[in-house]
Amino acid sequence: MKVLVINAGSSSLKYQLFDMNDESVLCKGNCERIGVGNSFIGYKNNRGQQKKVEAEMNDHTQAFMQVKAMLTDPEVGVISDLSEVEAVGHRVVQGGSIFHKSTVIDDKVLEDIDSLSPLAPLHNPGAVQGVKAAQSVFGKDTPMVAVFDTSFHSTMPEKAYMYAVPYKYYEKYSIRRYGFHGTSHRYVSGVLAELLGKDIKDTKLITCHIGNGSSITAIDGGKVIDTSMGLTPLDGFMMGTRSGSLDPSVVTYIMEKEHLSASDMDRILNKESGLFGISGVSSDDRDITKAESEGNEHAHLAHEMLYYQIAKTVGSYYVALGGCDGIAFTAGLGEHQAGLRATVLDYLGALGVKLDKEANDNIDGMGIITTEDSAIPCYVIPTNEELVIARDTKDLVG
């Protein structure tokens, strides 16, 4: 069975084609600058062949036509006809309180996804466009599945997902913690349980998805009991350009002093804060690391703040879980920033965690980074959200 996985944004469309007989990736790529001019599609197949083509893509339907052309290209294509794609899985960021698991898409599901756009204005509209475009190219007879970033977190108890604001705002506007990166946390926690040689139902795990956007999740028996992101991906600890959690009065105080609108403040918190805001250098950790090595004190402070906040979050989840059987680091920084992992695990020495410095410094891919006598084994596990989407799609459409 061949499954096409789609991650559609407002001006981009990432794709991967899986052969689910062995879960191999046949090809993958990205359509960029959809609707903004100078559009192009990138493509790479499992034979190592690559192609990049500039093409007119005024909307997602035209983007899908380019994907179709690549998949069936006489030189680099991996299928002879689009009918070989038996199902399409779509990443959807916000499932709200409606979707607690992956779901086969019909008109009502698409309507509900669109209705949740106020909770994810940068993401859900793009997903809706992606689904409609896929239907126009593949036809409505090709089954499609929505896999939600939020659904894995739907097991959180009320005490974890509610905010201490008047309850009427939850009733009127669904103001609560939803959490994100759920597909990544689900995949990584499953692999972590396997590495520990345990049934996930018998584990207490903490998964750390650390990238330009970051979140940490506490998982008890395979079910989420808490996660750091909230109503939006802005909550939690500091990220590339996001502030993370802060005293709400900081927001109102800055707005009053600077005479800012709500949209101005939203821009500052989401796009001008975090590592970028503190370092004044970049949101890219490679740039910050370079600046820090050259003696930039603000870059050093940005790293100190990030590592401290990650360690605090992990520590709080250790308490929430009542112990921990394993910790995993994943995503861009989690997988590739040895200094981050080393400093965080140094903080976690209070819990009996012992870093294997050589393993941590030299790891390439998946592996353990703590010593045999560490109270909690810690691993690096590359995430694979696309495979989770492909698996859910296969399971639901058979």
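## Nonpolar cores

In the largest nonpolar core, which has 43 residues, Leu4, Leu13, Tyr15, Leu17, Phe64 and Phe138 touch the most other members. Helix H3 (residues 124-138) supplies the largest share of this core, 7 residues. A nonpolar core is here a set of buried Ala, Val, Leu, Ile, Met, Phe, Trp, Tyr and Cys residues joined through side-chain atoms within 4.5 Å. Buried denotes under 20% relative accessible area, exposed over 50%, and partly exposed in between (1.4 Å probe, protein chains only). Another core, of 32 residues, lies apart from the largest one and includes Tyr307, Leu345, Leu348 and Val353.

The model is predicted: local features need pLDDT of at least 70 and side-chain atom pairs count only at pLDDT 80 or more, whereas totals for chains, interfaces and linings use all residues. Residues are numbered from 1 along each chain as its sequence is written, and side-chain values use heavy atoms, with hydrogens and water left out.

Leaving aside residues up to four places away in sequence, Leu4 touches Tyr15, Gln16, Leu17, Phe64, Val85, Ala87, Val88, Gly89 and Phe138; contact means heavy atoms within 4.5 Å.

Gln135 is found in helix H3 and is buried, with a relative accessible area of 16%. With residues up to four places away in sequence again not counted, Gln135 touches Ile105, Leu110, Lys140 and Met144.

## Aromatic pairs and charges over rings

The structure holds 6 aromatic pairs. One of them is stacked, because the rings of Phe99 and Phe148 have their centres 4.5 Å apart and their planes at 10°. Phe99 lies in the loop between strand S6 (85-92) and strand S7 (103-104), and Phe148 in strand S8 (residues 144-148), so this pair ties together parts that are 49 residues apart in sequence. Phe99 counts as buried at 6% relative accessibility, as does Phe148 at 1%. The rings of Tyr161 and Tyr170, with centres 6.3 Å apart and planes at 40°, form a tilted pair. Rings of Phe, Tyr and Trp (its six-membered ring) pair if their centres lie within 6.5 Å; planes under 30 degrees apart count as stacked, over 60 as edge-to-face and the rest as tilted.

Tyr161, Tyr167 and Tyr170 form one aromatic cluster. The charged end of Arg176 sits over the ring of Tyr161, 3.7 Å from its centre. Lys52 lies over the face of Phe40, at 4.4 Å from the ring centre. Such an arrangement requires NZ of Lys or CZ of Arg within 6 Å of the ring centre and within 35 degrees of the ring normal.

## Strand S4 and its partners

Strand S4 (residues 40-45) has 5 of its 6 residues buried, so this strand is largely enclosed by the rest of the structure. Helices (H or I, at least four residues) and strands (E, at least two) are DSSP runs, numbered from the N terminus. Strand S3 (residues 24-32) pairs with S4 in the antiparallel sense over 6 bridges, and Lys28 stands opposite Lys44 in S4. Two strands pair if DSSP finds at least two bridges between them.

S4 and strand S5 (residues 50-54) run antiparallel and are joined by 5 bridges. These two strands form a hairpin with 4 residues between them, and Gly48 in the turn has a positive phi of about 85°.

## The mixed sheet

An open sheet of 6 strands has the order S11-S10-S9-S12-S14-S13, with mixed pairing. Strand S11 (223-227) and strand S13 (367-368) stand at the edges, each with a single partner strand, so one side of each is left without a neighbour in the sheet.
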